[in-house]
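Subject: Structure handover and notes

Dear colleague,

Please find below the structure I said I would pass on to you. My notes on it follow directly after.

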Amino acid sequence: MNAVPLFPRVALIGFGLIGGSIARGTRAQGLAGEIVATARSAATRARVKELGIVDRVVESNAEAVKDADLVILSIPVGACGPVAQEIAPYLKPGAIVSDVGSVKGAVVRDMAPHLPDNVHFIPAHPVAGTENSGPDSGFAELFTNRWCILTPPEGADPAAVERLGEFWSTLGANVEVMKPDHHDLVLAVTSHLPHLIAYTIVSTADELEDVTRSEVLKFSAGGFRDFTRIAASDPTMWRDVFLNNKDAVLEMLGEFQEDLSKLTRAIRRGDGDALFDHFTRTRAIRRGILDIGQDEAKADFGRTHAGLKKKQ
Ligand code: NAP
């Protein structure tokens, strides 16, 4: 718990999984003297009030940013430009303005032109999430031991970058600084392509004619269900990710299609060595992820298994 809050007033625009997790973590760590929140719909604003985890819920974005020292947009990437335009006249001079969007190049392109020179614009992306959304889905520990990538524009004030980094590290994240385009390429491989593949596989399985839908669900533990978790992610968020990171995703999709062709050829030719070598390499990547603490080795991604029934 911070004795003196890092920011006297934090404004949160958008209160879903990410905004709600930031609010809970900020409160738990005493990072803000006051947390002011708003959301697009009256229903979400009413729910945030009921939850009682922020100091004030206000009706408009303009009202939220008034006198705020840190403003964070936790809304879909495609909405960041219009909201930046809306809040620009009301921002406090010297405020840090940030976001949490999963794409950075497009956010910089859409927000920067609207923001006044007397604020510090420092985009950010906490690489942490679940397939859930909405004001009830957040939790304070979401960012623990996850990365938060900051993409400050050239010439950004180093003290403001450091302050935002301290905010995220107090929420539990490891902080890294990158250029927006590089961020978008890295995330295209590690997040955007896997989501696209999950969305594809789940709909392919759903459209098969000779295998019934009930069979797909019944035998899903064979691997399918792990894709369904990813494919349950928010449609608005992911539509905006693909619309706004088009070039990097298309580049990675090209690489993926080449690799898929190689595996297809190996299967067609019965080339067991090629398949074995490939799967050995991928297994080592999984071990590497466990080694750096980005997942747990528990079987079935931590799912519990019922005990064996005793044979009568
Ligand atoms: P979420 O749970 O669906 O919440 C989205 C919030 O944005 C809601 O408060 C919603 O308001 C508001 N909103 C939606 N459309 C809007 C618009 N056009 N204008 C203004 N506000 C709008 O989403 P989330 O998962 O927190 O994602 C928010 C951002 O975090 C996205 O940019 C996403 O790329 C990024 N992100 C997500 C994850 C993840 O795994 N989910 C991880 C890292 C980063 P209402 O509730 O009133 O509709």
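Which domains does the domain assignment of the chain give? The assignment gives domain 1 (7–178) and domain 2 (182–297), the bounds being taken from an automatic or database domain assignment. Before the details, please note that this is a predicted model, in which local features need pLDDT of at least 70 and side-chain atom pairs count only at pLDDT 80 or more, whereas totals for chains, interfaces and linings use all residues. Residues are numbered from 1 along each chain as its sequence is written, and side-chain values use heavy atoms, with hydrogens and water left out.

The centres of domain 1 and domain 2, taken over C-alpha atoms, are separated by 30 Å. Between them, 21 residues of domain 1 are in contact with 18 residues of domain 2, where contact means heavy atoms within 4.5 Å.

I turn next to the sheets. Helices (H or I, at least four residues) and strands (E, at least two) are DSSP runs numbered from the N terminus, and two strands pair if DSSP finds at least two bridges between them. An open sheet of six strands, with parallel pairing, has the order β3-β2-β1-β4-β5-β6. Because β3 (56–57) and β6 (120–121) stand at its edges with a single partner strand each, one side of each is left without a neighbour in the sheet. Strand β2 (residues 32–38) runs parallel to β3 and is joined to it by two bridges, and Ala 37 stands opposite Val 57 in β3. Helix α1 (residues 17–29) packs on this sheet, where it touches β1 (7–13), β2 and β4 (70–73), and its direction makes about 160 degrees with that of β2; axes here are lines fitted to C-alpha atoms, for helices over the stretch in contact, and angles run from 0 to 180 degrees between N-to-C directions.

A further open sheet has three strands in the order β7-β8-β9, with mixed pairing. Its edges are β7 (124–127) and β9 (174–177), each with a single partner strand, so that one side of each lacks a neighbour in the sheet. From one strand to the next the twist averages 20 degrees. Strand β8 (residues 147–150) and β9 run parallel and are joined by four bridges, with Trp 147 opposite Asn 174 in β9.

Among the helices, α7 and α11 pack at an angle of about 65 degrees, with their axes 9 Å apart. The residues of this contact divide into eleven nonpolar, one polar and two charged, where Ala, Val, Leu, Ile, Met, Phe, Trp, Tyr, Cys and Pro count as nonpolar, Asp, Glu, Lys and Arg as charged, and the others, Gly among them, as polar.

Helix α10 (residues 235–244) has as its buried residues Trp 238, Asp 240, Val 241, Phe 242 and Asn 244, buried meaning under 20% relative accessible area, exposed over 50% and partly exposed in between (1.4 Å probe, protein chains only). What covers these residues includes α5 (105–111), α7 (180–207) and α11 (246–269). Asn 245 lies in the loop between α10 and α11 and counts as buried, at 5% relative accessibility. Leaving aside residues up to four places away in sequence, Asn 245 touches Val 103, Asp 184, Ala 188 and His 192.

Finally, Pro 89 is found in the loop between α4 (80–87) and β5 (96–99) and is exposed, with a relative accessible area of 61%.
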